[in-house]
Amino acid sequence: MNLLRRFDPEAALVPVLAVVAAMLVGMVLIYAIGYDGIYAYGSLINGAVGSQSAIAATMLRAAPIILTGLSVMIAFRAGLFNIGGTGQAIMGLLVAGTIATHFTFLPGASHWIVALVGAACAGGLWGALAGFLKVARGANEVVVTIMLNYVAIRFGEYLLGLGGPLQEKGSDNPSSALFADSGRLPKIWSPDPFTEVNIGIIVALVVATFAWFLVARTSIGFQIRAVGLQPDAAEYGGMSVTKVTVIGMFMAGAFSGLGGAVQTLGELDRLQKSELSVIQIGFAGIAVALLGRNTALGCVFAGLLMGALDSGAVGIQNDNALPSGVATKLIGVIQGVIVLFVGADVIFRRLSARVAGGFGKQRAGPASGGVA
Amino acid sequence: MSSTRADAAQATTTRAPRWWRTSLYVALVAALAFGVVGCGKRGGTSGGDSGGDSGGDGGGKGPTVGLVTDLGGLNDRSFNALANKGLEKAESDLGAQGVVIESKSASDYEKNLGQFAQQKKDLTVGVGFLMADSINNVATKSTGTKFAIIDYSVKDDPFKSPANVRGLIFSEQEAGYLAGALAGMVEQEGTLKGLNGAKVVSAIGGQKIPPVEKYLAGYQAGVKKFCTGCKVLIDYSQDFIDQGKCQDRANAQMSKGSDIVFQVAGGCGLGALSAVKAKGVWGIGVDADQAYLGAHILTSAVKNVDVAVFDTIKAVGDGTFQGGSDGVYGLKEDGVGLGEIAPAAKQYETQVATVIADVKAGKVTIPTSPK
Amino acid sequence: MAQATPGATILELKDVSKRFGEFYANRGVNFDLRAGEVHCLCGENGAGKSTMMNMLYGLLEPTEGTISMDGAPVHIGGPRHAIDLGIGMVHQHFMLIPVFTVAENIVLADEPTQGMTLDIKAAEARVRELSDRYGLSVDPSARVQDITVGQQQRAEILKALYRRARILILDEPTAVLTPQEIEELLRVIGLLRDEGMSIIMITHKLKEVLSIADRISVLRRGEMVGTVPREGQTEASIANMMVGRDVLLKVDKTESIPERPVLTVQDLWVKDDRDLDAVRGASFEVHAGEIVGVAGIDGNGQEELVDAIAGLRPIQRGRITLDGEDITGLSPHEVSEAGLGHIPQDRHRRGMVLDFDLRENVMLHDWDKRDMVRFGIIDRAASAERAETLCDMYDVRSGGGIGSRAGSLSGGNQQKLVIAREIQRDPKLLIAAQPTRGVDIGAIEFIHRRLVEERDAGTAVLLVSLEMSEVLSLSDRIVVIFEGEIVAEFEGGRVDEQRLGMAMIGSGDGHSVPGQAGIGGALAGPEVEETPA
């Protein structure tokens, strides 16, 4: 039941196999529609890692989804399924964008740092709200987080809509004013004049390290894992399942909030109302966490891989290796199949554990089975 | 996270035989692979011919063109699809060498535009006003290459009429006027199925922004001109996405007697058109030809983005591209017009043709803001 | 069923060894099974019984030696092959699919097919016929998730019979059963033997061994100590073979010297999960330096009583104090801080996190203690050191030291780990709920001795056990719980099984209760010494 999160060679092997299998499926697909698969994959690799600019684009794409992946991971460790990455990211980017636009009194680097901290807090509170509703009202966190996604989208649309408090004064467009330069994430690397890697990837790596340390080495991480694995034993150990649930969801929300802020302050110029309902990083985080086997390190690799595939889609289009409009769909299929294979493995492991473990064992640990 | 495995002797009894797990896994992978391939083949026959340019065809000597779509992607049946249509025409007629990149998120815009700038494309086209910031950023850094933005004026913020960017904008009021004219004729005669004789038509705008206002103004003028005593209701959904909001507005208007509803609210407006269909009255589509929605679409007020894109690519090839200003595409330039007219209303086609000729000849003055 | 000549050897292991790396799980084992006998295989946890059976069932391959059936050497390639050879195995943890019916489970790997579809009617008929023949009453059309553990076990046995097993291996079949179910199982085993079935039964429970076995083999540390006929054996003699020394089945302890009351429970009312009153007005005390045993038949409120004291279950009414401090309604953490050590009855659910390693399980209560955690960060060195010390002191054996997953330990070692942790905390009150359930003889003795040592060190010990002999041999005082009420209290050592048994079934006046005879033993001489008002 815990095989999801325990690192062993077999567990690391499955994601790799899933990726290989998905790539093979993609290859078959390309030939099936009458195009040159080898050439297309050459373009894919070229677009993903073939040049400094490609690597930079991959890093830009990876940063936010590593963060939302960590969000799903930490919630999962506490036995919770966080589908609310979207809403938490939106709350985060709204606060980050507002600070970046208006808090121009903040000196130097403190401006964007405060914006990120604000985003983490906003996302965290949004996550904690779901945790609170779970422990206080018994509301299932899956349902609650999905609902809160919509609430966040609508809230943001109100703020940015015509006449909304965050809409740029005197503009016809449903968007905020431009971010102040000091509120944007600083650039750390420019392989070409048009690709500028910002500090977001560093933020993601720092947060991943923090998440690993939190889970593996701290008291709260110990409690999160205990509650996630065996709530009854955690309670017996004197831990408060209530407290841990709320804290776990706060952490999850904070990571997602950072993901939203990193993407927005790193690569956009202002908040746009129309983008709120099409934000993808929340759900991408679920795939990243699943592929990363719910470990911090795994999320980093999975985020980089998913980012690389998206960059690779651009590479395919650049080389006209596939007809217009097919490349993004193909990459979507490959990403979907990866998740499917990893997910299928999890299901089979649980199924076989169930059959092998049988009933005698089931009495022992229904709670831990139920949350996984 | 790190833990050694169970001591083997005890652990073995509680694990399922390995072959069982492995074989199931293999079976699933195989099943999926075949299933996916099956789907792929079908996709191949229907969509294989769209680009036809596998592996970088050299052939053309025309300009190199990059097209960046917005989040709607190439299958949006609207601006992105039309822009691509214009590019494809330029490829076949002018030998242009085109590349299209679909954007998956807003943060992709600048990356994708930058990619084209770096490759020094002769022209980079961005679809939609959402890309304004990104095009402005990239164009500022890449003064040597040319850009075009669809449906956005380079005189508006954030642009400051940069010399290498051209805005492709449309005379929406003319398209609106044609749609209004047809609606007016239909109301005036009152013979089509579903009409209630109340002589009330309506329109739903997304927001009070220039393109929407121009559509509405033309519509209003057209109706009034061809229908004596007709009333035109106008509402705003304050939204371009949420179909529910436009559905509500449409229902409210229909309850006030409207039997022709013109949607000027993008995706939101699709909700209005489905409300219309449910009521059995008439709707008018916007931007692209929305006749595919069904026989209840009287016509559509369209922007021929493909024409504008083709024209701009041609200008780049001819060396007549003018940055820092907008290309305004009206009826005369075939930049706007009407979509397909519903089969039931074919009898108005000749009358409409006359109106088109009058507008082209400049015989009609059409307002640009509704009364 | 293929009949062999009764008494002929049908299965033989000759010099069989199984090595995992440097470690011999079995070394030079000789074993034979005769047609129509019940052969009990005994040994402590980790003695190599399961390894041996897994080799017979084809799950493991012997490193050395030969396995023969009917005199000819065989290579058992896997469970499927074992089944084809006529070997059936009933595992400790059943391999049934909960949402399938009994019949579906039984025919799962061996379906009578009619075209492509499963002929479930024919299957049910055959299952019914088998269950009638051996008195294995279970409804073939019931879903496995709806039937009792005992019935599930019968389904497992039927599965083996259905596949025409002539050798049946039962791995600790009584561990999960109630006393009545055990009696029923032993009857079935006898019946199967009479029908010519050859049975290997693995068990710890010496009473069962003596009541059912024809021959007894004992494994110790992977080696076969010997095979003896049942005649002439006693519990002590088998136990001696198992642990290699004389086991104190009677606990050696001095008279207790009770001091101040540590735990007082006054008029305690607690509800169970179904919202019914499970503990109804219980009042008792436990003094420092004494062991108070709570005797009772399972399900009479013991679990709820313990949970309520530990803060794990809300209290409806009443008052609990721990060494003078009112702990009524406190959280588990607060009760634990007030001085409670708690060996929970279900170590798999509560007592440990199975997927944590030993080091982490040792600090399960200590996630906020200064000696284990500094500034929110766990002191791994300190917790590792404590884990090492405790594993050493309590002889907790594991495959990979303190980094082993707790779930990978044998039951006895898991329990020793829990007990080590709870005693190490130096509690004022130690609750030991079912401290020796599923634990082998050697460990039982060890655990009992520890509990007495704790008592002698001045701890108040509350022992809750379903094993009457355990309560009798350990307790200085015994309270009897029946339907949530404390119905009797005895001085330890001044009550026998019969009188205690009578009290446990709520019968102070000699009325026998049908179906409960196995619990109370002989139903004579009822006389409750002190019955609190």
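1. Cys42(C) is buried, its relative accessible area being 0% (buried means under 20% relative accessible area, exposed over 50%, and partly exposed in between, with a 1.4 Å probe and protein chains only). The closest cysteine sulfur to that of Cys42(C) belongs to Cys40(C) at 5.8 Å, which is too far for a bond; a disulfide is a pair of cysteine sulfur atoms within 2.5 Å. On chain A, Cys121(A) counts as partly exposed, at 38% relative accessibility.

2. This is a predicted model, in which local features need pLDDT of at least 70 and side-chain atom pairs count only at pLDDT 80 or more, while totals for chains, interfaces and linings use all residues. Residues are numbered from 1 along each chain as its sequence is written, chains are lettered from A and ligands numbered from 1 in the order in which they are written, and side-chain values use heavy atoms, with hydrogens and water left out.

3. The model scores ipTM 0.86 and pTM 0.76. For chain C the mean pLDDT is 84, and 89% of its residues reach 70 or more; pLDDT is the predictor's confidence in each residue, from 0 to 100. Over residues 509-533 of chain C, pLDDT stays under 50, and the model has 41 contacts beyond four places in sequence for these residues (contact means heavy atoms within 4.5 Å). Where pLDDT is low, the predicted coordinates should not be read in detail.

4. Two disulfides are present over all chains. In one, Cys227(B) and Cys230(B) have their sulfur atoms 2.1 Å apart, and the disulfide is right-handed because the torsion about its S-S bond is about 70°. Cys227(B) is buried at 2% relative accessible area, and Cys230(B) counts as buried at 6% relative accessibility.

5. Another disulfide joins Cys246(B) to Cys268(B), with 1.9 Å from S to S. This pair links distant parts of the chain, 22 residues apart: Cys246(B) lies in helix α8 (residues 243-255) of chain B and Cys268(B) in helix α9 (residues 266-279) of chain B. Helices (H or I, at least four residues) and strands (E, at least two) are DSSP runs, numbered from the N terminus. The link of Cys246(B) and Cys268(B) is right-handed, with 110° about the S-S bond, and both cysteines are buried. In sequence order, the bonded cysteines of chain B pair as 1-2, 3-4.

6. Over all chains, 62 salt bridges are found, a salt bridge being a side-chain nitrogen of Lys or Arg within 4 Å of a carboxyl oxygen of Asp or Glu. One of them is between Glu172(B) and Lys303(B), at 2.7 Å from N to O. Glu172(B) is in helix α6 (residues 172-189) of chain B and Lys303(B) in strand β10 (residues 297-303) of chain B, so the pair ties together parts 131 residues apart in sequence. Glu172(B) is buried, at 2% relative accessible area, and Lys303(B) counts as buried at 1% relative accessibility.

7. In chain C, Arg477(C) and Glu290(C) form a salt bridge (2.7 Å, N to O). Arg477(C) belongs to strand β23 (residues 477-482) of chain C and Glu290(C) to the loop between β14 (277-287) and β15 (291-295) of chain C, 187 residues apart. Both Arg477(C) and Glu290(C) are buried.
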